[in-house]
Amino acid sequence: METPDFGIPRPLAERMSMAEQYEYLRARLVPRRTLVTAGAVAGGLLAGCSGAGAAARPGPAASRVSGSVVRPFGRHLAFGADPRTQMRVSWQVPFAVRRPYLRLGTRPDDLGRRVPAELRDLRTPGVPGVRRAVEQYYLHAALDGLRPGTTYYYGVGHDGWDPAAPAHRTALASFRTAPAAAERFVFTAFGDQGVGRAANANDHVVLRQEPAFHLHAGDICYADVNGAGQTSDGYDPTFWDLFLKQNEPVARSVPWMVTTGNHDMEAWYSPDGYGGQLARFSLPDSGFDPRGTPGAYAFTYGNTAFVALDANDVSYEIPANHGHSDGRQTRWLDAKLGELRARPGVDFVVVFFHHCAYSTSQHASDGGVRAKWLPLLARHRVDLVINGHNHVYERTDAIRNGAVGREVPIGGSTDPARDGIVYVTAGGGGRDLYSFPSGVGDSYEGHVGRHRAVPTFHWGRDKERVPETAHWSRVRYTGFSLLRVEARPGPRPRLKVSALAQDGRRIDHFEVRRGG
């Protein structure tokens with residue numbers, strides 16, 4: 001990344017005043033005796049780091065920058081284990097600050113509740129001739145005991161920066177907790193976003209849907225450009241500054257529920273490369289991995305349960321983290337799906353992860369995902385699976401026992417208990433687009449081609465490409481896009497699934513029904 005001559009990364013300098021730049025240069029010369037590295041985060045030294053209720057801890061010594069000139073940025077929300085009563089608010093500051101906190105209330109003019117925030121600092125080592133060492137500071141406030149179905153207003157601050165002060169009130173944001181009883185709601189989803197014009201444009205499409213929350217199916221930022229999970233990958237941690245700033249207009253009010261892609265294995269931080277994600281996000285805790293697997297967790301909103309998975313654990317294609325949970329994640333998945341299917345009030349179960357179970361684009365399908373997880377998804381009658389990884393939109397027919405269980409044309413409907421599962425690749429979140437195999441055209445709403453078999457492959461255990469013919473590829477679109485899903489409870493519950501192009505056009509829609 002190009003840097004100004006005075007040594008401040010350009011993206012950081014662009015959002016700093018001259019006074020902040022001066023203080024920054026002074027602060028770089030101050031040693032921090034209590035620095036906690038990202039490796040310590042991933043190694044479990046910060047107890048509860050990935051959990052919903054991580055306790056506040058002493059952070060690195062606050063820099064000598066006056067808190068009055070340190071502007072918080074990059075706010076992003078996530079649900080706790082219970083979206084009705086728990087919310088996690090996270091943000092970033094360019095320097096260490098003293099006594100960070102969040103102000104909360106049910107009116108913007110009454111933020112009487114003050115919640116201390118936890119500081120998680122992240123140090124990325126330098127590489128001679130490539131990049132300098134970078135320190136980043138992430139803050140997290142755990143909000144518990146909230147009222148269901150309630151709109152809350154909040155502001156974030158620290159000593160010297162009171163979010164309730166008149167000068168800062170324009171930065172206040174709001175969120176709404178999940179309702180106590182099931183009611184109609186909308187959620188959105190995509191994967192493979194990154195930083196740039198298309199990624200930012202998709203954020204605006206998300207906002208227009210007024211979703212209760214957003215699912216991000218991995219490959220979040222692309223600070224790691226290679227995605228092999230190796231220290232030889234090209235990596236610039238300051239891309240996360242840009243990403244969080246880009247997404248703040250959405251993520252400050254819409255919970256951003258992320259999972260882990262191959263580009264999110266940042267190998268400089270820990271043996272599994274997840275120290276960065278543990279520092280930046282506060283997500284529900286799965287409980288199966290004491291080291292922290294930030295991409296695996298579950299939550300329930302209304303009549304629908306959601307399960308996020310870390311597909312790096314089972315991927316044949318990209319083996320850097322293959323088997324890192326020693327089978328614990330798969331055993332947890334089996335138990336969690338059984339629990340959710342037996343839970344009263346849960347009509348639908350949606351599972352999302354990064355690597356594709358069924359796709360015909362560049363990365364095709366991952367045989368490891370199929371071998372480890374598809375039998376469990378089928379046994380527990382999962383209703384919808386959302387993937388990323390391939391930078392396209394592609395949707396299958398209902399798949400049962402590895403073959404088409406029921407054709408689901410555009411506008412069609414399916415019952416997973418009878419027909420099998422529909423798999424959606426929603427990888428058009430903003431990164432450069434892929435294509436489909438040579439001679440295979442797009443086929444989407446308003447542009448439906450003749451249905452045909454698609455020559456493709458899946459990844460075998462030894463990274464070999466195993467040829468196959470896909471009769472299940474029903475809808476294909478090579479533009480930027482996202483998924484919009486409307487959940488409707490009632491005597492005949494349904495998920496109304498739509499795919500939207502970046503200009504708002506609908507390019508696919510179908511229904512998942514329970515009971516016919």
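1. Cysteine 221 is buried, with a relative accessible area of 1%, and cysteine 356 is buried as well, at 0%; here buried means under 20% relative accessible area, exposed means over 50%, and partly exposed lies in between, using a 1.4 Å probe and protein chains only. A search of the whole structure finds zero disulfides, a disulfide being a pair of cysteine sulfur atoms within 2.5 Å.

2. A word on the basis of these values: this is a predicted model, in which local features need pLDDT of at least 70 and side-chain atom pairs count only at pLDDT 80 or more, while totals for chains, interfaces and linings use all residues. Residues are numbered from 1 along each chain as its sequence is written, and side-chain values use heavy atoms, with hydrogens and water left out.

3. Buried residues make up 62% of the 516 residues in the protein, which has ten helices and 27 strands. Both kinds of element are DSSP runs numbered from the N terminus, with helices (H or I) of at least four residues and strands (E) of at least two.

4. The largest nonpolar core holds 88 residues, and Phe213, Leu215 and Ile386 touch the most other members; such a core is a set of buried Ala, Val, Leu, Ile, Met, Phe, Trp, Tyr and Cys residues joined through side-chain atoms within 4.5 Å. Apart from it lies another core, of 35 residues, among them Leu309, Leu337, Ala357 and Tyr423.

5. Strand S25 (residues 481–488) is mostly covered, since seven of its eight residues are buried. Strand S9 (residues 185–190) runs antiparallel to S25 and is joined to it by five bridges, with valine 186 having glutamate 486 as its bridge partner in S25; two strands count as paired if DSSP finds at least two bridges between them.

6. S25 is also joined to strand S26 (residues 494–501), again in the antiparallel sense, by eight bridges, and arginine 488 stands opposite arginine 494 in S26. The two strands form a hairpin with five residues between them, and glycine 490 in the turn has a positive phi of about 130°.

7. Helix H4 (residues 197–208) and helix H5 (residues 239–251) pack at an angle of about 10°, with their axes 9 Å apart. That makes H4 roughly parallel to H5, because angles under 35 degrees count as roughly parallel, over 145 as roughly antiparallel, 65 to 115 as roughly perpendicular and the rest as oblique. The contact involves Ala199, Asn200, Asp203, Val206 and Leu207 of H4, together with Gln246, Asn247, Pro249 and Val250 of H5. Axes are lines fitted to C-alpha atoms, for helices over the stretch in contact, and angles run from 0 to 180 degrees between N-to-C directions.

8. An open sheet of seven strands has the order S12-S13-S14-S16-S21-S17-S24, with mixed pairing. Strand S12 (297–301) and strand S24 (473–477) stand at its edges with a single partner strand each, so one side of each is left without a neighbour in the sheet.

9. S12 pairs with strand S13 (residues 304–308) over five bridges in the antiparallel sense, and tyrosine 301 stands opposite threonine 304 in S13. Helix H7 (residues 328–342) lies across S12, S13 and strand S14 (348–352), running at about 175° to S13.

Methods: Contact = heavy atoms within 4.5 Å.
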